[in-house]
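This report goes through one structure by region. The sequence and the model are shown first, and the notes follow.

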Amino acid sequence: MTDIIHTSAADLADALAAKQLSSVEVTQAHLDRIAAVDGAVHAFLHVDAEGALATARAIDDRRAAGETLPALAGVPIAVKDVVATQGLPTTAGSKILQGWIPPYDATLVTRLKAAGMPILGKTNMDEFAMGSSTEHSAYGPTHNPWDLERIPGGSGGGSSAAVAAFEAPLAIGTDTGGSIRQPAAVTGTVGTKPTYGGVSRFGLIALASSLDQAGPCTRSVLDAALLHELIGGHDPMDSTSIDAPVPPVVEAARRGDVKGLRVGVITEVSGKGFQAGVRARFTESLDLLAELGAEIVEVSCPSFEKGLAAYYLILPSEASSNLAKFDAMRYGLRVGPEGVVAPSAEQVMAATRDAGFGDEVKRRIILGTYALSSGYYDAYYGQAQKVRTLIARDFAAAFEQVDVLVTPTAPTTAFKLGEKLDDPMAMYLNDVATIPANLAGVPGISIPNGLADEDGLPSGLQILAPATRDERLYQVGGALERALEAQWGAPLWTKAPRLEESR
Amino acid sequence: MSITDEVVDYDEALAAYDPVLGLEVHVELNTATKMFCGCATGFGAEPNTQVCPVCLGLPGALPVVNEKGVEAAIRIGLALNCSIADWCRFARKNYFYPDMPKNFQTSQYDEPIAFDGYLDVELEDGSTYRVEIERAHMEEDTGKSLHVGGSTGRIQGAEYSLVDYNRAGIPLIEIVTKPLTGTGAKAPLVAKAYVAALRDLLKALNVSDVRMEQGSMRCDANVSIMPKGAEKFGTRTETKNVNSLRSVERAVRYEISRQAAVLNAGGSILQETRHWHEDTGVTTSGRPKSDADDYRYFPEPDLVPIAPSRAEVDRLRETLPEPPAQRRKRLQSAWGYSDLEMRDVVNAGAVDLIEQTVEAGASPAGARKWWSGELARRANAEGKTVSDFGVTPAHVAELDGLVKAGRLNDSMARQVMDGVIAGEGTPTQVADTRGLELVQDDSALEAAVDKVIAANEPIAAKVRDGKLNAAGALIGQVMKEMKGQADAAKARELILAKLAPDAS
Ligand SMILES: [Zn+2]
């Protein structure tokens, strides 16, 4: 095997198991790639070469000693910076957490470590996962490997870009309104938001507790399933975690069969108003699914149109409360108010939050504080919760008619850095297709379905399934991926421009 | 320091106004672990040693409900005759304070676990008042701030503050009454009796240490007054952290007098929180509080709803102890104590001890004499409680038996008790080692009586002349002669027999 970094995680795992490769070789190859291209991509906020190699060596030793190891043992991974990693800086892309080193691991990190996966580092993101472009990171934006002038999506642009730029075979993302799926779509990669409660949230720095969900960012459907299976499952530390076995996602990804399956197109999110190239690829994907034996059905989810509005009340409300803990008292940034000799705790809190939070974070804290205020609660938060219930009902009704729903993942391909930075509403519209899944807690995946004709940039197809039926995402995604790659003659990423490697 | 407020005489205040009370009691549960994490809850540990990512509110940490805390809340609700919610949620109460790690308190808002109950309380005058309970809800305690520097220990003027998060996350139950009306002048007594009855009830439930001085039970008293006969309640003040039964009574009484003075002077009551000062017996103005205090409550998304099944509630109902008031009545009648005697027993905290002592074989009168007599007196003198001496009900029953059997007289029994308290062993062991035993040998006693009569002929003559009171001096001499180890009654009997007019 000569080209480690372009190999899928599944193949790397096989090669490691067969001792054709060592974990140290695999890990070092990715560290070298990071050193070569991350100056331009800026997918990582922190790289832990030493720690990753130490884990790799330990795994190689155990394998040499004849130990039976977990499937992904020795395959390195990148972790979004919103996930607590013991001993590694964790900032959630914010200045307010600069230098904070968690004394504990998120449950999913504990599982990665138990599986023997070297952690390459922490990936860039919009501050506290608020954004669709990573431009709201306090540490500078990530660049899309397909076009360094463009955004990699967000909030998990770092994780998707790392995978797209072959800096990591696998990455962990989190998705509150599309932060795994939309970056996957615009970077030509795969990303899954599991069913709410499918992956433990313990150790995820909360944006909106009732919407947040961690999931895999990969270059193939099977890789996503392998990682999903590993991080999924019940966690007693997370009260909202589902107490049931992980759905059979790996088996479904391998089977990849849609014969007789009913696939629903949502009237309200069928691509109207979306970029022409995105719409064209979506229509082709539907044709391909039909060719593969699926039945395409149109369903209506009338409440989805109110989803964005409800989302931008619920998310800021929960976020305003979740972010209250960043007050300079116990950890993170502490800034004294200017010109005050003996400031009170309250003054220090205010000064720190003023200095430590970016504009988008402040905007949402203010929105949420307002929406929860007495006298406004019913009109805003209360109404939004009702919309949420309606959206869940729309999903339930739709899933009585179809097995899965499909939409274009994002309305456009990657836009230019800076293009929408001063227009929050335009930025928010990126998530119009992905938000309903978070509001209802259902699982969704985005897989690359081609390049838009007008700009040659990747577009994504979103597949949605009923809650706890995550395997259907992989069943349909696996089938479509195989058919698309057969058409293209190779995975989509082979069409990506080569990044210049610097030394 | 604030200016001392004007007050009017309490009786004068009550002649013109009707008070309305509302009591909010916070009770720390005695669960082994905190409400939302596995940290220990012991009182008095080194600061910040009973903490973890969850109760420190570290980024990413999530709460998990302590089932024992929920059980305790339901049992408290049931004991207060409340309805138990079929389904309820936690809510976040948002406000910034350094001792609150998340800057929101996980509490309950419009969906309390228990609601609409009552507690009948007996006042000192023997009358009963029904206190209606609005709700009992679950929440978590905050940390504790220590303000260093400055003279008052308050945040004003302090140089810096230290925060101990050991207490953060300890389960609390907040019990809120409906407005208490119609108490008239008894308002302070009702307040005190309610808090006392609640304390006894919680103790009987074994859900809390209910130690007001350690803060495991804290009372906030809402007080308002309205002109006699009026129906619209006056503006209320909330006096925070009134931490003893006596203070509850005094604080309520003070607020009534203070508010009456304000109204009499044509002023109006400011809706505010007030601080109670134990030492000076006054309340002072805290911060203004309005109904519009906006905590931006919303359902806690990190926790799932609590939905206790009816079977579970019924199972918990089975675990309720006999209500303390009912139990006291039953025991009083079984033991044959007068009301006064029973009150002394209750005040000495000796009900359980006497029950166990009687079970161990002592007579109710004997048990009472020791626990609410001798030991209560010693406890009072030493600032302890009767249970602090290491004396067990079995000890007292055994001692009572030794007196009954005639082996010890009262003064010897007290000496034996000294030995038991000093850790010298059981009453029998102490009596043996200290050589305490009534002399049963009549000939020795008779010889001593003869010797004393012979040596005190003038007194003996008086007794012979019918002045029986004079025998006391002789008995004293005999007891001295016998080194205290004689039965005084027997000595008296013998002296009188020997000095009887017809004796020769
Ligand atoms: Zn804890």
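## Annotated active site of chain A

In an unreviewed entry, UniProt lists A:Lys80, A:Ser155 and A:Ser179 under "active site". These residues span 100 residues in sequence, yet no two of their C-alpha atoms are more than 10.8 Å apart, so they gather at one spot. The model is predicted, and the positions discussed here are those of that prediction. UniProt also lists residues 25-473 of chain A for "domain: Amidase", again in an unreviewed entry. That span is 38% helix and 12% strand, and its end C-alpha atoms lie 33 Å apart.

Where in chain A does A:Ser155 lie? A:Ser155 is found in the loop between strand 3 (119-123) and helix 5 (157-164) of chain A. A:Ser155 is buried, because 34 other C-beta atoms lie within 10 Å and the cut-off for buried is 20 or more. The peptide bond that leads from A:Gly154 to A:Ser155 is cis, with omega near 5°. Not counting residues up to four places away in sequence, A:Ser155 touches A:Met125, A:Asp126, A:Ala129, A:Met130, A:Gly131, A:Thr134 and A:Ser179.

A:Ser179 also sits in a loop, between strand 4 (171-174) and helix 6 (181-187) of chain A. A:Ser179 is buried, with 37 other C-beta atoms within 10 Å. With neighbours within four places in sequence left aside, the contacts of A:Ser179 are A:Ala129, A:Gly154, A:Ser155, A:Gly156, A:Gly173 and A:Thr174.

Helix 4 of chain A covers residues 107-114, and its buried residues include A:Thr107, A:Leu108, A:Val109 and A:Leu112. What do the buried residues of helix 4 of chain A pack against? Their partners are strand 2 (77-80), strand 3, strand 4, strand 6 (214-218) and helix 7 (221-231) of chain A. Just after helix 4 of chain A comes A:Gly116, with a positive phi of about 75°.

A:His42 is not a glycine, although its phi is positive, at about 55°. A:His42 lies in the loop between helix 2 (23-41) and strand 1 (44-47) of chain A. A:His42 counts as buried because it has 22 C-beta neighbours inside 10 Å.

## Domains and confidence of chain B

The domain assignment of chain B gives domain 1 (10-314), domain 2 (322-434) and domain 3 (442-498). The C-alpha centres of domain 1 of chain B and domain 2 of chain B lie 36 Å apart. Chain B has an average pLDDT of 91, and 97% of the residues score at least 70.

## Helix 8 and other sites in chain B

Helix 8 of chain B runs over residues 351-359, and B:Val351, B:Leu353, B:Ile354, B:Thr357 and B:Val358 are buried in it. They cover an arc of only 160° around the axis, which puts them on the same side of helix 8 of chain B. In an α-helix there are 3.6 residues a turn, so residues three or four places apart point the same way. The buried residues of helix 8 of chain B pack against helix 6 (324-335), helix 7 (339-347), helix 9 (364-382) and helix 10 (393-404) of chain B. B:Gly361 follows helix 8 of chain B and has a positive phi, near 115°.

B:Glu341 is in helix 7 of chain B. Is B:Glu341 buried or partly exposed? B:Glu341 is partly exposed, with 17 other C-beta atoms within 10 Å. The C-alpha atoms of B:Glu341 and B:Lys369 are separated by 9.9 Å, and the two residues are 28 residues apart along the chain.

B:Asp116 has a phi near 55°, a positive value in a residue other than glycine. B:Asp116 lies in strand 5 (residues 114-122) of chain B. With 15 C-beta neighbours inside 10 Å, B:Asp116 counts as partly exposed.

For the complex, the predictor gives an ipTM of 0.95 and a pTM of 0.88.

Notes: Residues numbered from 1 in each chain as written. Chains lettered and ligands numbered in written order. Predicted model: local features only at pLDDT ≥ 70, side-chain atom pairs only at ≥ 80, totals over all residues. UniProt positions renumbered as here; feature names shortened; annotations may be inferred. Helix = DSSP H or I, 4+ residues; strand = E, 2+ residues; numbered from the N terminus. Buried ≥ 20, exposed ≤ 12 C-beta atoms within 10 Å, placed from the backbone. Arc of directions from axis to C-beta. Contact = placed C-beta atoms within 7 Å. pLDDT = per-residue confidence, 0-100. Domains from an automatic or database assignment.
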